[in-house]
Structure formats: structure tokens, C-alpha cells
Amino acid sequence: MSNKPLAGIRVVDLCVVWAGPFATMLMGDLGAEIIKPENPLVWQPMTRGAMARPPQALLALSNAWGGGLPGNVPGPRPWNYSPTFVSLYRNKKSFTVDLRRPEGMEALRRLVARSDIVYENNATGTMEKLGITYDWLRQAKEDIIFIRVPAYGSTGPYFDARALGVHLEGVMGHTLLRGYDDDEPSSNTAIYSGDYLAGAQGAFAAMAALWHRDRTGAGQLIEIGQAENAAAMFSQAIMDYSLNRHVQSTIGNRDVHGRAPCGVYPCLSPGTAETMEDRWISIHVQTDEEWQALVRVMGSPAWAQDGRFTANAGRAQHYREIDAGIAGWTRGQEDYAAAHACQAAGIAAMPVLEASRMFADPHLRARGFFRTQTQGDAGTHEYAGPLWQLSETPVEFYQPPVMFGEHNDYVYRDVLGFSDEEIERYRAGGHISMEYDASVR
Amino acid sequence: MQAFDGVTVLDLTHHIVGPYATKLLADFGADVIKVEPPEGDIARTLPPFQGDEAHPEKSGLFFLLNTNKRSVVLDLRTEDGRAGLARLAAGADLVVENFSPGTLERLGCGWEFFRQANPNICMLSISNFGQDGPYRDYKATELVMYGFAGEMYTMGRTDREPVKMAGTAALFESGSAAAVAAAGLLTGARRHGIAQRADVAIAETHFGGVDRRHAAGIAYQFSGRRSQRAAGAAGGMPSGIYQVADGYVDFTNAGLHADRVVDMIGEEWAQDSRYQDPLARMNPALIDEWNAQFIVWCLSRTKREVWTEARRAKVMCGPLFTVQDLFEDEHFRGRGFWQTVEHPVMGPVEIPGRPFIMQEGGWAIRRPAPLLGQHTAELLTAGV
């Protein structure tokens, strides 16, 4: 651990839902110590799950990543094994404290005094209500770095608009720019690409602030207006409006840079979309030579040798006709086999994988991508690996997805320096627990 | 002084993922030296172009991806080109490249080449599937990659094909992940004196990413449940995308706070006690009944009017803006988000500004995207 890039950096993680926890996870992967204060008396929706004690019926009605708990039962401590939660909480520590009470804030103050970074992405006003402001943090630690992720920034008419990533992507234009080119916007599925971008760039921002602090001695407040941060993802559409006043709309699975064909085609399937066993391949031809190669891979059918398709402009114009022809070929193919055949001919093509199939992919196996983690309440499972490999300071999953209050003893005793008497007082006061209070739904 | 002032990055990347990662470093102060082949970065050939005219200095995409960088043209197939590269590497902290794996080694400028030029240098390699493994040499584009490694399978209608994100959004996600790895390498080198390599596989930045894919994989591990493709059409109380008088609004998960929704609607029907019971709210017939009334409420308001009511009542909501709506919106204008940059060929160009606001040491445009080879002479004669 000692030589990891962020070894020796301590982060207080006041994050919720997805965007914030992704940032602190990446910092943890780089060696920072991430400590998450959690409250046994308050449920934070969509972080450790939808509810502290979800009824069995809710699990079945939820998305798999919300309701797919081990063995499909709520079990004794559902907050420790929501799939969304565990996907973001390796390499982090958890301790419990009620920040609504003065002695809870005193514990936080002591933690901040021993930390480098405080990171939060709560709804606007949440931190202020608790009394956690940049000024308060600076009184605890003069050079603290405070990173905040308000949806639309801390100023302007939308400053307190409530939003998940999916809502602000609507405002930034993404929802009208994506989806089928012959269907309603309501045929779009909720996605969270903006949480990815803000999370990764939050970790980047933290390091930028550390560089600044190490050279000037000064900490600072950083504001990631999440909507503004997401804008880069739509660069082509934004720049087309900026330069030409063109208002782009969705083009489905086609290429924003105009190279055709580019689409998703049906393959031999062991089941249906309802059983989640329908199979698809995406194929993207980028040059006229690649088109000729694809024609050969498909067995040189007569329709594909039409002279209108020789040059890209013609293929782009007649894309529906070409897509129908390609689908006629892929319908009789296994997705992986067709992809390997295309790749052997120099054409970009891969199966569209349903998530469970990643665990059987030979390339990911050969790369040693998956990591086995054993967590007390969840058991032993394989998880997706880190986002990058480092040659000298490999990313380790040294702490499995953290259980609620798992590090109470470590944090209160070793980090905060509390005495046995103080710890007993906090325990008696309901601050220290590995269970949510029975009153918490 | 900007955060990465004094850091020198030798940028051998092209297209989108690599240049976006190095742009973040450049926009926060690093001196990024963009090494281009004689024909230039392929992004120079990608639309949109100013005036819809293909021109190597008029791609809006290239412009946005390469602000604050200097361009040097080197032909790495020649002895001179490699000598120039070695000279630049001697003064650099980090080299970033996204050639197909093995390409730089074949040209004689792999990791050992850079180590010899500069024993303290770090190197970040970005590729589709990583530097080893059976798919090492496979091609991928945004669609192909996102379909394979991202959560595209669940996007769209159950009875139709999966459908991807807009533009090349997935590549910007990967570029952001690569920027974290780059900053990690620089930070490790400065704090601990570690010179090392990073292998960033674009595929792995999606398999392990926050946008549903990692969680969907774990859900299967835990429960055997797979994730179904399903559109976000209206449902819940409310949830999903609703039509309004002049377009659409997204109310995904807005029903989590039922009391706020009642306040937002402000009509008597919404206060019906049957709609407030948490278990009853899962009943599809009741949801349909509720939505039949809510849709009327929506259709009698514009997207901005709906959002105003939602903001007042603290209901999660987002109107579906066009890029024009966004460009003209007073909130982002008022916050100073849009920035105008002067370019020698295109003139003034308006671009989205800072990705985040630092009180000190933050985002700034010091120079526009470089013309092809604009800084070749100054970089090769004066050194770094």
C-alpha cells in the first residue's frame, strides 16, 4: 500500500447514490483511505438500497441491480448487499454516527481534522442543514479540500433543482439525442452516463487540488456542476450547433461521423427478450475496403454487390436496405462466431452482451479481469475488476464492499483517538451500531 | 498557477478517448505536446465542420478535444522522427498513447525507448481491449464497444434491438477514466517517485463502470437475475418520460417522495389516500389510474412550466432540452459556462467551458486547438 499514488491521503466520504461513490472508489483504488460516516437512524435512499428492510415483494418488482440480493431474499441486513451498493464500495471504510446531534458533529470534526479531502454529492441544502459548510470544515482543518457535486451548480435559477443523473442528462440534451430514430423519446431507458463522467472527473479534480495544495499549502472548495460536466459527452451535437446552428436529433445506432453501415443486428438466440436471452451483434464498417470484406464474410450475397453500396455516401443513404440485408445474414449466426469472423476480416464487430455473460468471456478471463471478494453478509462472489492496470502499484481490492459500521472500532479508537469511556457513551447514544435502528424503514 | 502547471505530457493519442484525457490535463495547466503524424490526428477529418466543409482545421470535435495543446508533426517511421520523439521524451513526465497494441514496439518506440530517453517517465497506454489477451488486436468503435462492455443490452424497447447512447458518449466516459489513471501516474511519480506504466482497456472502463453494468453483473452473481431491456415510458407514480404540451419531461424515480409529488400537482385528485400507501403504489391498476390523471396535468403545461412546478416542490425531474434550448438557456449562460475562444482559421468559436470549478488553479484556455504542426519548429529547435 505504501507507494500507491494516493497512499497517505484520507478522504471523508459523505456521498450518496452513484456519482460521488464512484469518485471515492477510484481514489480508493489509487490508494487513498476512504472513510464513510453513516447514520444508523436515517436511511439514505438509493445508496445502500431502496429501503433498509425491503419487503420481499419489492425485490421482485425492482431492477435486478436494485432487487437482486443474494438468494433473492432480504436477509438480516439488506443494507450490506444491494448490488448497486457493493459495486461502488470496495476499498472503503464505514463507521456510524448521527450527524444531527452535536456530539455526532464533534466526531466528524475530529475526523475532518485528520483528513485531506471531504467529498459530497447530496441534494442542495442537505449539508447546510447539518451545519457542514466549507467554513466549518476549514475551522477543523485549514487546508481541507471540499468537493461538492450539485446537479446544476450552486448558483443560477436551477441551483436547488432535484435531480438524478438521468434528469440532468435530459436538460443537457442527451435524451433527445439518443434512442431509435423512428420512435418516441419515451422509448429511451434511464441511463447514468453523467454519473460516470462526474465520478471519474471528481477523482481527477481531487488530484488536481492535491497538486495545488502540495505546492501552495492551500486547500479549496471545488464545485462540479454535474450538468455542465456532462456536456462534453455530446461534443459533436454541441459543436454542430455552436459552429453551424444545426439542431441534431437522434440517429439511433448509426455513426455520428457518418460511416455506414453501423448497427445492431439479431443473431441466433437461445431465448427471447422476455427471458433475457435474445442475442445481438453490433457491426461498424468504417471504410469502403471494410465493406468489401464484410460482403465476403457474409458469403457475397447478390444484394450486397449492388453498385449503390460501393462508396460510403451510398451506404449511408441506403442504410435501412443494407441493415435489412445484414440482419438477414446475422439471423443465422451465433453472435460470438459472427463477431470473430468479422474481426478476422478486419471489421469492428462484437456481441451485445447481457451483463451475466461477461463472466464467461474468454478475453476477460485471460486478462484476469474478475476479482473474487468475500464479504461477511454477502458471501463470496466475482466482481468486475479495476478500470486500469498499473505495473508497479497494482490496484488491489484489499477491502471487500464495506459492511455498515464495519470500521467503528478502527475509526473511533485509532483515527479519532476516543477513549473507552467516550466510545461507550457514543454507543449508548445510538451512534455506534452495525444495524439500522428498528425505526428506519 | 494552474494545478498541473509545470507538468509536461507527451501526447501520442488520436481520435477521442486519448485526446479527451490529455485535454483535461492541458485545460488544468499541463503542457501537452501533441505528436501528430504528417497527415494529422484522424479527428481532424471528423464532423462537425464549420460551414459543413471538411477541412483539417475546421473540425469542431477536434477543436474541443485539443484546446491548450501544442502540435508537433513527427513521422515515427523515420530515424529523424524517433530522434525528435526521444528529445521530447527527455523533458516529459508522462507519455500517453493509444496506438493498436504492439504498434509502438514495431516502430522501435515502446516502453524501453521512453525509459532510455527518461528513466523517470510514466506511460499510459489506452487500447480497445488491453495490451494482452485474445482480443488484443480486435477493432472496436463506440457502438461496438458500448454494446459489448457497457449496459447497452438493456437500453430500448423489449421488442426491439438494443440502442446506444448519443454521439460517442461512451468514449468520453473512457477518456475520463483514462484521465484519472493519468493523474494517478503523475501523482504517484511526484509523491513517491514511482515511474510506471498503465494499461487502460476501454472495454474494462465500461465493465467496471458506474453506469449500471458493474451492478448488473453483480446482481447476476448474487441472485441469478439478468437485466431486462425495457424503455422508460411513463409508469410509477410518477416514473419515466412523459409527454407535455411542447415536448417531454423525465420523471424517473420521482415517485420516491410521494408527498412532494402531491404538492407539485396541487390538485385534489392527487391527495386521494389510496395513492399514498407504499404497498398499494406498486399495484399496476392503481398506477394506471393515477397516470391517466397525471398525463392530463402534464399535457396542459410546457416542459419549462412542469419543471418550475417540480423545482418548487423538490420533485426529481428533467425537461428534455434540444441542444438549442441548452445553448440559449439563461442558467448556464448566467453561470459563465460557455466560453469563446479565438482560432486562427475559424475565428471566434464558442465551446462548453470548465468541467468543474476550482477556486484556485482551475480550468483556463491559454490557447486554441493547434494547427497541424503549428509548434514543430519551436519544439524541435528549442527543446522542451
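Helix H9 of chain B, which covers residues 213-223, is largely enclosed by the rest of the structure, because ten of its eleven residues are buried; a residue counts as buried if 20 or more other C-beta atoms lie within 10 Å of its own, as exposed if 12 or fewer do, and as partly exposed in between, with C-beta atoms placed from the backbone. The structure described here is a predicted model, in which local features need pLDDT of at least 70 and side-chain atom pairs count only at pLDDT 80 or more, while totals for chains, interfaces and linings use all residues. Residues are numbered from 1 along each chain as its sequence is written, and chains are lettered from A and ligands numbered from 1 in the order in which they are written. Helices (H or I, at least four residues) and strands (E, at least two) are DSSP runs, numbered from the N terminus.

The buried residues of H9(B) include B:Arg213, B:His214, B:Tyr220 and B:Phe222. Among the elements that cover them are helix H3 (64-67), helix H4 (83-86) and strand E11 (379-383) of chain A, together with helix H8 (202-207) of chain B. After H9(B) comes B:Gly224, which has a positive phi, near 75 degrees.

Between the two chains, 142 residues of chain A are in contact with 133 residues of chain B, where contact requires that the C-beta atoms of two residues, placed from the backbone, lie within 7 Å. On the side of chain A that touches chain B, helix H10 of chain A (residues 193-216) gives the most, with 16 residues. That side of chain A has 83 nonpolar, 48 polar and eleven charged residues, with Ala, Val, Leu, Ile, Met, Phe, Trp, Tyr, Cys and Pro counted as nonpolar, Asp, Glu, Lys and Arg as charged, and the others, Gly among them, as polar.

Chain B is assigned domain 1 (8-211 + 335-382) and domain 2 (241-322), the bounds coming from an automatic or database domain assignment. The centres of these two domains of chain B, taken over C-alpha atoms, are separated by 43 Å. Strands E7 (residues 241-244) and E8 (residues 247-250) of chain B pair in the antiparallel sense over four bridges, forming a hairpin with two residues between them, and B:Ile241 stands opposite B:Asp250 in E8(B).

Helix H3 of chain B (residues 79-90) has end C-alpha atoms 17 Å apart, which agrees with the 16 Å that its twelve residues should span at 1.5 Å a residue, the expected span being 1.5 Å times one less than the number of residues. In H3(B), B:Gly84, B:Leu85, B:Leu88 and B:Ala89 are buried. Seen down the axis of H3(B), the buried residues fall within an arc of 135 degrees, so they line one face of the helix; the arc is that of the directions from the helix axis to the C-beta atoms. On the other side of H3(B), B:Glu79, B:Asp80 and B:Ala83 are exposed.

B:Leu380, which lies in helix H15 of chain B (residues 376-382), touches B:Val72 and B:Gly84 when residues up to four places away in sequence are not counted. B:Leu380 is partly exposed, with 17 other C-beta atoms within 10 Å.

Methods
Two strands pair if DSSP finds at least two bridges between them.
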